Amino acid sequence: NAFSAAMLKPTGSYMQSIDDSGTSKVSSTRSIIEIPFGYYFDMGFGVGGIYSTENGIDKTESSGSSTQTDTSRKSYGAGVGWMDSSDIGVFVNGYYYFNSEMTQASTTSKGTGYQLDLGIKFPVKKAFLAVQFSYKYYEYKKTVSSGVETDLASPRKLQFFDPQAAIIVMF
């Protein structure tokens, strides 16, 4: 079952955790919105790009005081993928982030990264609902603080494994 079509796949997830030891409490939230787009050719192979934005809040409460760290990340890149042309089917995508910027407090980290998605889609009218698991790896080699860019002696490396929901529109 061959097909050729442009694709837009808004994707998102929201995660929350609470660690309460009785003397201190750490609450964390993380939300992700991604906009993968591209073109799938006959036999299901595709090329495209991705824009990803992420926001997180870590709040620590201890002995009547509270501190909060806000994190935001914006990344964009290009990728390839394969999607089963059946109504119910699997897909796999891989993206390379040419640029990823993560801001915590007044410091911005600059780097690159990649993402691998594995998911399954289900038809709903003229679109598909999908669930996917995404492995993400970011490596930051520079920081910018108060307008001064600094090379890091050792890169900061972050890894995530995220469950996500998506709507796939082929047109």
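Visitor: What makes Asp151 and Lys142 a salt bridge?

Guide: In this predicted model, the closest N and O atoms of Asp151 and Lys142 are 3.8 Å apart. A salt bridge requires a side-chain nitrogen of Lys or Arg within 4 Å of a carboxyl oxygen of Asp or Glu, so the pair qualifies.

Visitor: Why is Asp151 called exposed, and why is Lys142 called partly exposed?

Guide: Asp151 has a relative accessible area of 56%, and exposed means over 50%, so the term applies. Lys142 has a relative accessible area of 32%; this value lies between the limits of 20% and 50%, and the residue is therefore partly exposed.

Visitor: How many salt bridges does the structure hold?

Guide: The structure holds 10 salt bridges. One of them joins the side chains of Asp117 and Lys9, with an N to O distance of 3.9 Å.

Visitor: Why is the pair of Asp117 and Lys9 said to tie together parts of the chain?

Guide: Asp117 belongs to strand 7 (residues 107-124), whereas Lys9 sits in the loop between strand 1 (5-8) and strand 2 (11-20), so the contact joins parts that are 108 residues apart in sequence. Both Asp117 and Lys9 are buried.

Visitor: How do you know that Asp162 and Arg30 form a salt bridge?

Guide: The closest N and O atoms of Asp162 and Arg30 are 2.8 Å apart. The limit is 4 Å, so the contact counts as a salt bridge. Asp162 lies in strand 9 and Arg30 in strand 3, so this pair ties together parts that are 132 residues apart in sequence. Both Asp162 and Arg30 are buried.

Visitor: Which residues are linked with Asp162 and Arg30 in a network of salt bridges?

Guide: The network links Arg30 and Asp162 with Glu34, Glu54, Arg73 and Lys136.

Visitor: Let us turn to the aromatic residues. How many aromatic pairs are there, and why is the pair of Tyr138 and Tyr140 called stacked?

Guide: There are 8 aromatic pairs in the structure. The ring centres of Tyr138 and Tyr140 are 6.2 Å apart, and centres within 6.5 Å make a pair.

Visitor: Why is the pair of Tyr138 and Phe160 called edge-to-face?

Guide: The ring centres of Tyr138 and Phe160 are 6.3 Å apart, which is within the 6.5 Å limit, and their planes stand at 65°. An angle over 60 degrees counts as edge-to-face, so the pair receives that term. Tyr138 is in strand 8 (residues 127-145) and Phe160 in strand 9 (residues 148-170), so the contact joins parts that are 22 residues apart in sequence. Ring pairs link Tyr138 and Phe160 with Tyr97 and Tyr140 into a cluster.

Visitor: Which charged residues lie over the faces of Phe160 and Tyr138?

Guide: Arg30 lies over the face of Phe160, at 3.9 Å from the ring centre. Arg73 lies over the face of Tyr138, at 4.1 Å from the ring centre.

Visitor: What lines the largest pocket?

Guide: The largest pocket has a volume of about 220 Å³ and is lined by 15 residues, among which Arg30, Glu54, Asp58, Thr71 and Phe160 lie nearest its centre. Strand 4 gives the largest share of this lining, with 5 residues. By class, the lining of the largest pocket has 4 nonpolar, 6 polar and 5 charged residues.

Visitor: What did the search for cavities find, and which classes of residue line the largest cavity?

Guide: The search of the whole structure finds 1 cavity of 30 Å³ or more. The largest cavity has a volume of about 60 Å³. Its lining comprises 13 residues, of which Met7, Tyr40, Val47, Gly48 and Tyr95 lie nearest the centre. The largest share of the lining, 4 residues, comes from strand 3. By class, the lining of the largest cavity has 7 nonpolar, 6 polar and no charged residues.

Conventions: Residues numbered from 1 in each chain as written. Predicted model: local features only at pLDDT ≥ 70, side-chain atom pairs only at ≥ 80, totals over all residues. Heavy atoms only, no water. Phe/Tyr/Trp six-rings, centres within 6.5 Å; stacked < 30°, edge-to-face > 60°. Helix = DSSP H or I, 4+ residues; strand = E, 2+ residues; numbered from the N terminus. Lys NZ or Arg CZ within 6 Å of the ring centre and 35° of its normal. 1 Å grid on protein atoms, 1.4 Å probe; cavity = no way out; pocket = protein on both sides within 12 Å on 5 of 7 lines; lining within 4 Å. Points joined across faces, edges and corners; volume = space filled by probe spheres on them. Nonpolar A, V, L, I, M, F, W, Y, C, P; charged D, E, K, R; others polar. Buried < 20%, exposed > 50% of the residue type's maximum accessible area, 1.4 Å probe, protein only.
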